[in-house]
Amino acid sequence: PDPSSDDHDLELHEAYLHHSTQDWELRLGRQIVRWGKADQISPVDNVNPEDQREFVIPELEDRKIPNWMARLRLFPGDLTLEGVFIPFFRKNTFDYFGNTWALLGVDDQGLEIDEDEPDQGMDSADWGLRSSASMAGWDVALSYMRATQKTPHLRFDPLSPQGPTLHADYRKQHIIGWEFETTVDKFGFRGEGAYFDEQSLATQSMNSVTRPMTHSVIGVDYLGEADWYVNVQLSHQHIFDHDEDIVFLRQDNFYLSGEINKEFWRGNTMLKLGYAVDLHDGGSFFTPEAILTYFTNLELTLGANVFFGPKDSYFGRYDDNDQAFFKAVYHF
């Protein structure tokens, strides 16, 4: 709403020291660590925060924000044992007010924001463990994370001395996750799920509630004849002891997501459709794209990001944020 403002930010992305032997490897520095098997919607992938300033429009890999951490992996036999230690808290990147993607919309409504982030000490550090193995054509994994939630827990105080104030803090949670992946002929099957012992959920009164929650994803992809590729994922969220005041989420939430693409012109052109659909209210998000790779080292993309659905739905709230885009990527 204020085009005269400027915001400049220069930050180191990934940079780390890495040492490996046949039996173990250690990596220290700013890293992105990916857990989970699903595409775009990944309940197990909780190591790094995300840039959520444009919801889910950027690819999952582009939304991830590196953080300082130590990552140790051991390779005893057919197992891989992994541990991560994250001494410094970093939240998801988002805006409270000021634009149509913001958590609370464009207008600040006269609210003050009082944000309380965790202390940067060992007591507040995040850590996680993961064990994975490949056996009989299956990749499987189990994981555990003790982490600070990267989205805020909100408390609205209308009688604060400085005026109506929204207090925001970040609370600990325990996450237990599982993963699998396998292939059968031209089909790939994958799945993952996680149990969250405490998840902060926003309500219509701007006071968050904390509830246990499970989130699981089952998916299949197919690479078939005539250069067709189809990816379908079914996602389910269950909120225990659901409160009707929780916004956008019901007790059970089902989403269908994935991608369909086909190559033409000897592989020099691709038409692609990314999609996500709420199976309850029909709210949806589509990304049609046309990609040209005819020119050496140059990739040209023309596409759109389109939202549909009721204004009070998970996707429909961004119905006015449709975009068209053109992208050019040159590979050196």
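**View 1. The hairpin of E10 and E11.** Strands E10 and E11 form a hairpin with 2 residues between them, and Asp185 in the turn has a positive phi of about 55°. This is a predicted model, in which local features need pLDDT of at least 70, side-chain atom pairs count only at pLDDT 80 or more, and totals for chains, interfaces and linings use all residues. Residues are numbered from 1 along each chain as its sequence is written, and side-chain values use heavy atoms, with hydrogens and water left out. Strands (E, at least two residues) and helices (H or I, at least four) are DSSP runs, numbered from the N terminus. Two strands pair if DSSP finds at least two bridges between them. E10 and E11 pair in the antiparallel sense over 10 bridges. Val184 stands opposite Phe187 in E11. Asp185 lies in the loop between E10 and E11. Its phi is positive although Asp185 is not a glycine. Asp185 counts as exposed, at 73% relative accessibility. Here buried means under 20% relative accessible area, exposed over 50%, and partly exposed in between (1.4 Å probe, protein chains only).

**View 2. E7 beside E10.** Strand E10 covers residues 172-184, runs antiparallel to E7 and is joined to it by 11 bridges. Trp138 has Thr182 as its bridge partner in E10. Ala136 is found in the loop between strand E6 (126-135) and E7. Phi of Ala136 is near 50°, a positive value in a residue other than glycine. Ala136 is exposed, with a relative accessible area of 81%.

View 3. A pair of aromatic rings is described by the distance of the centres and the angle of the planes. Rings of Phe, Tyr and Trp (its six-membered ring) pair if their centres lie within 6.5 Å; planes under 30 degrees apart count as stacked, over 60 as edge-to-face and the rest as tilted. By this rule there are 22 aromatic pairs. One of them is the stacked pair of Phe187 and Phe189, at 6.4 Å centre to centre with 25° between the planes. Phe187 is partly exposed at 36% relative accessibility. Phe189 is also partly exposed, with a relative accessible area of 33%. Trp265 and Tyr294 are stacked too, at 4.8 Å centre to centre and 5° between the planes. Trp265 lies in the loop between strand E14 (252-264) and strand E15 (269-278), and Tyr294 in the loop between strand E16 (284-292) and strand E17 (298-308), so the pair ties together parts that are 29 residues apart in sequence. Tyr294 counts as partly exposed, at 46% relative accessibility.

View 4. Ring pairs link Phe55, Trp101, Tyr255, Phe285, Phe307, Tyr314, Phe315 and Tyr318 into a cluster.

**View 5. The largest nonpolar core.** A nonpolar core is a set of buried Ala, Val, Leu, Ile, Met, Phe, Trp, Tyr and Cys residues joined through side-chain atoms within 4.5 Å. The largest such core has 27 residues, of which Trp35, Val47, Met145, Phe307 and Phe315 touch the most other members. Strands E4 (79-86), E7 (138-148), E11 (187-201) and E12 (209-223) are the elements that give two or more residues to this core. E11 gives the most, with 3 residues. A second, separate core of 10 residues includes Leu111, Ala168, Tyr170 and Met206. Contact means heavy atoms within 4.5 Å. Not counting residues up to four places away in sequence, Val47 touches Val33, Trp35, Met69, Ile86, Met145 and Lys150.

**View 6. The open sheet E5-E9-E8.** This open sheet has 3 strands in the order E5-E9-E8, with mixed pairing. Strand E5 (112-116) and strand E8 (153-157) stand at the edges, each with a single partner strand, so one side of each is left without a neighbour in the sheet. Neighbouring strands are turned by 20° against each other on average, direction ignored. That angle uses axes, which are lines fitted to C-alpha atoms, for helices over the stretch in contact; angles run from 0 to 180 degrees between N-to-C directions. E5 pairs with strand E9 (residues 165-169) in the parallel sense over 5 bridges. Asp116 stands opposite Asp169 in E9.
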